[in-house]
Amino acid sequence: KSEKGQALVETAIMSVLAVLLLAGMLSLIPLGRARTAATSAALACAEFLSQNPDPVQARQVAYNAAEATLKSGWSGTGTADYSISVAPPGGIGQPGTCQVSWKVTMNFLPLSFGWSSERFTSRSEKWKAKW
């Protein structure tokens, strides 16, 4: 029997598999970007939370810092949904927490991932509270 065309068939099959593998790898990029943006936002939130002695004002400033970090141009995470949760310190030297949750919906592939979170705890220093 003739083996003409065998290389063409093998190349076609491998090309399809390579394209599917590449598409799968590219679909993971938004997950990494969303996690990086959420980590940066939660850290910024915790830093601003620890710098203000007034719990009400600290909560608003920390929330704004997290939101500004997520809306910055570098994140490039248009397919991600975010949720910011701020629990200000209960008193001087008490811990406060910032949690940023994210969920990525893929446009290229019909995939949807559940909510994930990044959380940072901040402790206000007593000397900072005496401002």
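Among contacts (heavy atoms within 4.5 Å) between residues at least 6 apart in sequence, 60% join residues at least 24 apart. The structure is a predicted model, in which local features require pLDDT of at least 70 and side-chain atom pairs count only at pLDDT 80 or more, whereas totals for chains, interfaces and linings use all residues. Residues are numbered from 1 along each chain as its sequence is written, and side-chain values use heavy atoms, with hydrogens and water left out.

The protein contains 4 helices and 3 strands, assigned as DSSP runs (helices H or I, at least four residues; strands E, at least two) and numbered from the N terminus. Along the sequence these elements follow the pattern α-α-α-β-β-β-α.

Helix α2 (residues 29-50) packs with helix α3 (residues 55-71) at an angle of about 155 degrees, the axes being 8 Å apart. Axes are lines fitted to C-alpha atoms, for helices over the stretch in contact, and angles run from 0 to 180 degrees between N-to-C directions. The two helices are therefore roughly antiparallel (angle over 145 degrees). Residues of α2, including Ala37, Ala41, Ala44 and Phe48, meet residues of α3, among them Ala58, Val61, Ala62 and Leu70. By class, this contact comprises 13 nonpolar, 2 polar and 1 charged residues; Ala, Val, Leu, Ile, Met, Phe, Trp, Tyr, Cys and Pro count as nonpolar, Asp, Glu, Lys and Arg as charged, and the others, Gly among them, as polar.

Of the 131 residues, 29% count as buried (under 20% relative accessible area, 1.4 Å probe, protein chains only). The protein exposes about 8500 Å², of which carbon and sulfur atoms supply 60%, by the Shrake-Rupley method with a 1.4 Å probe.

How values were computed. Parallel < 35°, antiparallel > 145°, perpendicular 65-115°, else oblique. Buried < 20%, exposed > 50% of the residue type's maximum accessible area, 1.4 Å probe, protein only.
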